[in-house]
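Me: I would like to learn how to read a model like this one, feature by feature. Please give me the general idea first and then the case at hand.

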Amino acid sequence: MNCFESENKDANYANWTDRGYLMNPAVLYHHAAESEGEEPQLIVPEHERTLILQEHHDAPSAGHYGVEGTFN
């Protein structure tokens, strides 16, 4: 992200863009060349991954019924 936010667009910037990375106002995405028609994937910063997983997995609206519910 530092490379994309820097005013100096050097060879490092070209290296990242050539590999399919793009930045849209402070949000980093990756678009694989072999995935035609696919939406670019959001790159989630490492320090936010645990919180996001917990919020989407542990919330009552996440649809998890526990071990016994899933087994049944």
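Me: In the hairpin of β1 and β2, which residue takes a positive phi?

Reply: Keep in mind that this is a predicted model. The general idea is that most residues other than glycine have a negative phi. Here the hairpin has two residues between its strands, and A26 takes a positive phi near 65°. A26 is not a glycine, yet its phi is positive.

Me: Is A26 buried or exposed?

Reply: A26 sits in the loop between β1 and β2. Its relative accessibility is 54%, so A26 counts as exposed.

Me: How many bridges hold each pair of strands?

Reply: Take the two pairs in turn. Strand β1, residues 21-24, pairs with strand β2, residues 27-30, over four bridges in the antiparallel sense.

Me: What does the side chain of H30 reach?

Reply: H30 belongs to strand β2, and its side chain reaches the backbone oxygen of R19 at 3.0 Å. Apart from neighbours within four places in sequence, H30 is in contact with R19, G20, Y21, P40, Q41 and I43.

Me: And where is H31 placed?

Reply: H31 lies in the loop between β2 and β3. With 27% relative accessibility, H31 counts as partly exposed. The side chain of H31 reaches the backbone oxygen of E38 at 3.2 Å. With neighbours within four places left aside, its contacts are G20, L22, E38, E39 and P40. R19 and H31 are twelve residues apart along the chain, and their C-alpha atoms are separated by 8.3 Å.

Me: Let us turn to the aromatic rings. How many aromatic pairs does the structure hold?

Reply: A pair of aromatic rings is described by the distance of the centres and the angle of the planes. This structure holds two such pairs. In one, the ring centres of F4 and Y13 are 5.3 Å apart and the planes are at 65°, so the pair is edge-to-face. F4 is buried, at a relative accessible area of 11%, whereas Y13 is partly exposed at 27%. In the other, the centres of W16 and Y21 are 5.0 Å apart with planes at 85°, so this pair is edge-to-face.

Me: What lies over the face of W16?

Reply: R19 does, at 4.4 Å from the ring centre. W16 is partly exposed, with a relative accessible area of 28%.

Me: What should I look for at the start of helix α2?

Reply: The general idea for a helix is that an α-helix has 3.6 residues a turn, so residues three or four places apart point the same way. For the start of α2 (residues 11-18), look at D10: one of its side-chain oxygens reaches to within 3.1 Å of the backbone nitrogen of N12.

Me: Finally, what share of the chain is buried?

Reply: Buried residues account for 8% of the 72 residues in the chain. The accessible surface comes to about 6,300 Å², and carbon and sulfur atoms hold 52% of that. Of the contacts between residues at least 6 apart in sequence, 7% join residues at least 24 apart.

Methods
Residues are numbered from 1 along each chain as its sequence is written. This is a predicted model: local features need pLDDT of at least 70, side-chain atom pairs count only at pLDDT 80 or more; totals for chains, interfaces and linings use all residues. Side-chain values use heavy atoms; hydrogens and water are left out. Two strands pair if DSSP finds at least two bridges between them. Buried means under 20% relative accessible area, exposed over 50%, partly exposed in between (1.4 Å probe, protein chains only). Contact means heavy atoms within 4.5 Å. Accessible areas come from the Shrake-Rupley method with a 1.4 Å probe; for residues, only the protein chains shown count as cover. Rings of Phe, Tyr and Trp (its six-membered ring) pair if their centres lie within 6.5 Å; planes under 30 degrees apart count as stacked, over 60 as edge-to-face and the rest as tilted. A charge sits over a ring if NZ of Lys or CZ of Arg is within 6 Å of the ring centre and within 35 degrees of the ring normal. A polar contact is a pair of N or O atoms within 3.5 Å; within protein, one must be able to donate a hydrogen and the other to accept it, and residues adjacent in sequence count only if both atoms are side-chain atoms.
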